[in-house]
Each structure stands twice: as structure tokens, then as C-alpha cells.
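Dear colleague,

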Amino acid sequence: SQLPWADPHDSALFGDTHHAANATQRQNATLLMLARNSDTDNAVRSVRELEDKFNKKFGYPWVFLNEEEFSEEFKRRVSNVISGPVSFGQIPHDHWYQPDFIDEAKASAAREQMIKDNIIYGGSVSYRNMCRFNSGFFYRHELLQKYKWYWRVEPDVHFHCDIDSDPFKFMEDNNKIYGFTITMYEYHATIPTMWDTVTRFTRENPQYVHPNNAMAYISDNGGESYNLCHFWSNFEIASMDFWRGEVYSKFFDYLDATGGFYYERWGDAPVHSLGVTLFADKDQIHFFDDIGYEHNPYVHCPRQSGNWEKGKCACNPERSFDFDGYSCMRQWERIW
Ligand code: GDP
Ligand code: MN
């Protein structure tokens, strides 16, 4: 997709001259999408929107990952809407598929029960592979090794406002490690033993719990039980250094060893959220009010002073998910 003679880090070529100053301060970051070949149409639409609203001014690279080889059509159509560098990677087998230590009879019995109980994706093995990959493996992919920051983008999402200042630079300059736009409750039935497992881990490793953690956001009773609040991880702007670090690595391995990704249906959203809220400083978690974001069926529309006007947002701020009864914005705000 790149012009063969163009240096993707040449700010005079990528982004107009008004934004050249932004581009010269580009962070060590990438835009990241996990997708299937069957997601091509929706992937192209998401990429095109983020390019229009943000990346044409900054020229960050894109990385696409898939457990299968990307089709020529996927690569051609995605590359067509990207101005800067782009790469397509295949996920190593062991980072994706159900590991051998999982008792398949037990796992399939759990899936059957979840189908009966009508739990979303309850019968799906591939969804479980995806959740485990996003929890503990994506940041180990060779194409991501050179980057510190990523912005997770999914097929079929929408960005409703102009993003004129660089969120990666904001994260770097303000010592943040995790940024979100939507927070909500998880379905308890997908993670029945997760909190007990996490509690066992923190009892065995009390030194890992950050003294300025965000426990008051994830628990209504001082840590006795989990209130199911989490950051909706289909949008994330975050540091891979945190996931790659000792504390989160031990945490992920501990969770993974219980088989909960397959015996239950643990999502990467609660895993990331519990990791970051317990083991990081809560001041390092950032709510990006100014990024208008939609993933069906929910929209976050900027609501804080002037953000909606500044971003020329197309969304209706009164319909922002922040005000929904199912939002965890109340729990987030009470910790400040
Ligand atoms: P939901 O948002 O929880 O409903 O789940 P999605 O279907 O949107 O999946 C989450 C992300 O993982 C999206 O980026 C999907 O494209 C991707 N994804 C889900 N399942 C698979 C899969 O089996 N293979 C690949 N390569 N990507 C997947
Ligand atoms: Mn999705």
C-alpha cells in the first residue's frame, strides 16, 4: 500500500502540513486489528473511518492479525484505504488453539450447558480462543515486538468525532497505561469462578497489588466480591509493556492454568480490567471522553465540557452509553 519511495515516518508526506508537528512526535505505537477473512467488508469500513477521523493526520502503522493466512482480497482492500505502513501477520498455532492441558470432555460439557442456558457465544470454541489470545498472547506476536502502544480496533466499529490530538502522546506524556471509552457489567455466567481465582492469586502474591489500585471500581464491598464492572475491550488504547511485565504475565498464567477460558467463557475484557485495576496505579487508567466510539449496540458520545463541539461529533450525546443503567460509569466516577 505504501508508495515505494515514501518514508512512512516522513511527516511531510503523511498528513498535511498543519499536522506535521503532530506527526513528528509520533509515539512508538500501532493500530491493531484481529480479524477473519470473512470480516473484510467490516474491517475496511472501520479502518477507513479511523483513517479519516484520526490517522491521516498522524500516519501510525497498522497491524492485522489472524490465526489463518489473510486472503489476498483482505490485504488488497485494507491496504487500499491506508496511507501509511501496514503489515499482516499469522498467529502462531500455540497462541490461539485450545491447549492440550484442557480436558476436552469437561470443556465440551460446559459448552453444552451454556448453549442450554442461552449464554452468548456459550457454545463457541473459536470465541474462547479469541478471548484467551486477546488476554495473554497478542502482545507476544512478532509484528508487535517493536511497539509499546496499541490501539485495538475491531471490524464494524465507528468513530464519530474528529480526533485532532494524539491519544498515544497523551498516554505517554501523562504516564497512563490503559485507556477506555465504555465500561459495563460482565455476564456473571461467563466468569463464575474468575473472582475466586483472582482472589487466590492476590492472596498468594500480595506484593503485586498496587497500593493505589482501583478496587473501589470493581468491588462494592472492599474486594469481597466482584461487581462485574469492566472496560469494554473492543476499544483499547494501552501499553503492551504492562501486559508483558512480570506481574500481568504471572497473573495471566495463573488464570490460564485453571482452564477457565475453556471450562467457563472468560472474556479478555474482565481479564484486562482486573489486571489493570488491581496491579496498576488507578491514575494510570484513562477514560477517553473525547473519543466518540460505537460498537454495536452501544455508543460513547463525548459529554464533558466542549469535547462534543471540539470534535464535531456526529453522535447524540444524550444517547451516550455513559448514562445507561448498564454502564459502570457510576462506579468509575465514584473512585475519584
Ligand atoms: P464481540 O465483540 O464480543 O461480539 O466479538 P467479535 O466477533 O467482534 O470478536 C472480537 C474480535 O475478535 C474482532 O476483532 C473479531 O474480528 C475477532 N475475532 C473473533 N473471532 C475470531 C476468529 O475466530 N478468528 C479471528 N482471526 N478473529 C476473530
Ligand atoms: Mn466486536
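This is a predicted model: local features need pLDDT of at least 70, side-chain atom pairs count only at pLDDT 80 or more; totals for chains, interfaces and linings use all residues.

Two or more lining residues come from each of the elements β1 (29–34), β2 (62–66), α6, β4 (149–152), β7 (183–185) and α13 (268–279). Sorted by class, the lining of the largest pocket holds 26 nonpolar, 13 polar and ten charged residues.

What takes up space in the largest pocket? The space taken by ligand 1 is this pocket. There are 14 residues around ligand 1, and those that come nearest are Leu34, Ala35, Glu67, Tyr121 and Tyr127. The shell around the ligand consists of seven nonpolar, three polar and four charged residues. Helix α6, which spans residues 125–136, again gives the largest share, with three residues of this shell.

- Glu67: an N or O atom of its side chain is 2.8 Å from a nitrogen atom of ligand 1.
- Tyr127: an N or O atom of its side chain is 2.5 Å from an oxygen atom of ligand 1.
- His295: a polar atom of its side chain is 3.1 Å from an oxygen atom of ligand 1.

How much of the ligand does the protein bury? Ligand 1 taken alone exposes 560 Å², and the protein buries 85% of that area.

**The second largest pocket**

The second largest pocket has a volume of about 240 Å³. Its lining consists of 14 residues, and Ile163, Asp164, Ser165, Asp290 and Lys310 are the closest to its centre. Helices α7 (167–173) and α14 (307–310) each contribute at least two residues to this lining. By class, the lining of the second largest pocket comprises five nonpolar, four polar and five charged residues.

**Two points in the backbone**

Which residue has a positive phi although it is not a glycine? This residue is Tyr121, with a phi of about 60 degrees. Tyr121 is placed in the loop between α5 (104–116) and α6.

Asn296 and Pro297 are joined by a cis peptide bond, with omega at about 5 degrees. Pro297 belongs to the loop between β11 (293–295) and β12 (298–300).

With kind regards

Notes
Residues are numbered from 1 along each chain as its sequence is written. Chains are lettered from A and ligands numbered from 1 in the order in which they are written. Side-chain values use heavy atoms; hydrogens and water are left out. A residue is near a molecule or strand if one of its heavy atoms lies within 4 Å of it. A polar contact is a pair of N or O atoms within 3.5 Å; within protein, one must be able to donate a hydrogen and the other to accept it, and residues adjacent in sequence count only if both atoms are side-chain atoms. Accessible areas come from the Shrake-Rupley method with a 1.4 Å probe; for residues, only the protein chains shown count as cover. On a 1 Å grid over the protein atoms alone, a cavity is a set of points where a 1.4 Å probe fits but cannot get out, and a pocket is an open set with protein on both sides within 12 Å along at least five of seven lines; lining residues have an atom within 4 Å of a point. A molecule sits in a cavity or pocket if more than half of its atoms lie within 2 Å of its grid points. Helices (H or I, at least four residues) and strands (E, at least two) are DSSP runs, numbered from the N terminus. Ala, Val, Leu, Ile, Met, Phe, Trp, Tyr, Cys and Pro count as nonpolar, Asp, Glu, Lys and Arg as charged, and the others, Gly among them, as polar. Grid points are joined across faces, edges and corners, and a volume is the space filled by probe spheres set on the points.
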